[in-house]
Amino acid sequence: PSVPGIENEILFGNSDTQTSNIKFAVDYAAKTDETYVDGKYTVTITIPSNNVYLKPNIVITQVFYIQNDYQPYKANPLYKVSDDPITVKTKGKVVGGHWALQMNIGEVFEMINGKDIFSYYADNNNVATTPAIEFDFTKADHSGIAYSNQIVSLNAALDTASKTAHMQYTVTLENGEKLVKPFDIIFVNPFKAGTAAAIELPGNKIGGATANAAQSVSVVDETGKDIYSWNKTNNALELSSLATDGYKLTAAITSVKYAFTKNAAYNNFAGQLQPGTKFEIDAATGIISFDNNGAMLQTSPELEVVATVTFTDLSVVTVKIPVKITTKAE
C-alpha cells in the first residue's frame with residue numbers, strides 16, 4: 001500500500017495447494033494514535049477469483065494498532081514541584097550584578113549524562129532534529145513574562161506572592177507528528193511582609209499627636225530573614241546586609257509609599273470628623289498626624305496603613321500596619 005511506514009509482502013506459491021506467505025511490516029514513518037483515532041490500521045488484501053460463479057474472491061483483512069509510546073522529558077530534580085506536568089519553582093538569581101526573576105530553560109529539565117535538554121532532546125523516542133525542539137507560551141495571555149534566547153523572565157516587578165509562566169515544548173517525530181507538552185515555571189516573590197508593629201496615637205492629646213509608620217515597616221525574604229526594616233540607631237529604614245550582599249539590592253531601587261486603607265472603619269471615622277480636624281498621613285515619610293482640636297474621642301477606631309515597598313523591576317511588597325487612635329490624652 002501507499003501508506004508511509006506500512007509495508008506488506010505477499011509470496012504466492014505455484015500451485016493451488018502450496019502455502020503462501022503474507023508479511024506485514026511497520027517502521028518509524030508510520031503515523032500513530034496522535035494522528036489516527038486509536039492508531040487503528042486495516043489492511044485488506046483481495047485475491048480475485050478467476051471465476052466468481054464457481055468460487056468467491058479471497059479477502060484477507062488484518063487489523064492492527066500503532067500507539068505512540070513517547071515518554072515526556074522529566075523536570076530537574078533540584079527544582080521540581082512535579083513531573084506531570086513538569087513544574088519547577090524559582091525565586092530568581094543574580095544576573096548582571098543584581099537580582100532578577102528569570103530562569104534558563106535548560107534548568108527546568110533534568111540533565112542526562114552531563115547534557116541539557118537542548119543536547120539530548122532527540123536522543124530517544126524517534127524525535128527528529130529538524131525542526132529543533134521549540135519552546136513557547138501555552139496561551140496568548142502572558143503579560144509580564146518574556147521568553148527569549150532560552151531564558152524565561154518577568155519583565156515587571158512581582159506584586160503577588162508568585163506568578164506562573166505557563167509554557168510548552170514541541171518536538172517533531174521522525175514520522176512528522178508534532179507532540180506538544182506543557183510545563184510550568186513558578187516565579188516566587190523573593191520578599192514578603194514581615195510582622196509590622198502596631199501603632200497607637202493618643203487621640204485626645206492637646207495639640208495633636210503624630211506617629212511614624214515607617215518604624216513599623218518590615219520586609220523579609222521567603223525564609224523570614226530581614227531585608228528592609230527600621231534601624232533605631234540611624235533612625236531610618238535600611239536594607240540589611242543580606243539584602244545588599246546576597247540579593248544585591250540598593251537604596252536607589254528601594255522606595256516606600258504610605259496610605260490609609262479606605263475600608264469601612266476608616267470611612268466611619270473620617271466621615272465623622274469636623275472641618276478643621278487634622279487627620280492625614282504623609283505618603284512619602286509615613287508620618288501620621290491627628291489633631292481633633294480639643295473634641296474628646298469616646299471611641300478608639302482601629303485603622304490600617306499600607307506601606308507599599310517597591311524594589312524596582314523586581315518586587316513589590318505590601319506591609320499592613322495596624323493603627324489605633326485611642327481615647328488617651330498622652
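Trainee: How much space lies in the largest cavity?

Mentor: About 50 Å³. Keep in mind that this is a predicted model.

Trainee: What makes that space a cavity?

Mentor: A 1.4 Å probe fits there but cannot get out. The structure holds 1 cavity of 30 Å³ or more.

Trainee: Why is Pro275 called exposed?

Mentor: Its relative accessible area is 78%. Exposed means over 50%, so Pro275 qualifies. Pro275 sits in the loop between helix 4 (264-270) and strand 22 (278-281).

Trainee: Why is Gln150 called partly exposed?

Mentor: Its relative accessible area is 34%. Buried means under 20% and exposed means over 50%, so Gln150 falls in between. Gln150 lies in the loop between strand 11 (145-148) and strand 12 (151-154).

Trainee: How do you know that the protein chain is more spread out than a compact globule?

Mentor: The protein chain comes to 4 helices and 25 strands. Its radius of gyration is 35 Å. The globule rule gives 20 Å for 330 residues, and 35 Å is well over that, so the chain is more spread out than a compact globule. Its C-alpha trace spans about 125 × 45 × 25 Å along the principal axes.

Trainee: What joins Asp84 and Pro85?

Mentor: A cis peptide bond, with omega about -5 degrees. Pro85 is in the loop between strand 5 (80-83) and strand 6 (86-90). A cis peptide bond also joins Thr130 and Pro131, with omega about 0 degrees. Most peptide bonds are trans.

Trainee: How many residues has the largest nonpolar core?

Mentor: It has 70 residues. Phe311 is one of those with the most contacts inside it. Beyond its sequence neighbours within four places, Phe311 is in contact with residues including Ala157, Phe191 and Tyr228. A second, separate core has 7 residues, among them Ala30 and Phe64.

Note on methods:
Residues numbered from 1 in each chain as written. Predicted model: local features only at pLDDT ≥ 70, side-chain atom pairs only at ≥ 80, totals over all residues. Heavy atoms only, no water. Helix = DSSP H or I, 4+ residues; strand = E, 2+ residues; numbered from the N terminus. Buried < 20%, exposed > 50% of the residue type's maximum accessible area, 1.4 Å probe, protein only. 1 Å grid on protein atoms, 1.4 Å probe; cavity = no way out; pocket = protein on both sides within 12 Å on 5 of 7 lines; lining within 4 Å. Points joined across faces, edges and corners; volume = space filled by probe spheres on them. Core = buried A, V, L, I, M, F, W, Y, C linked by side-chain atoms within 4.5 Å. Contact = heavy atoms within 4.5 Å. Rg over C-alpha atoms; globule rule 2.2 N^0.38 Å.
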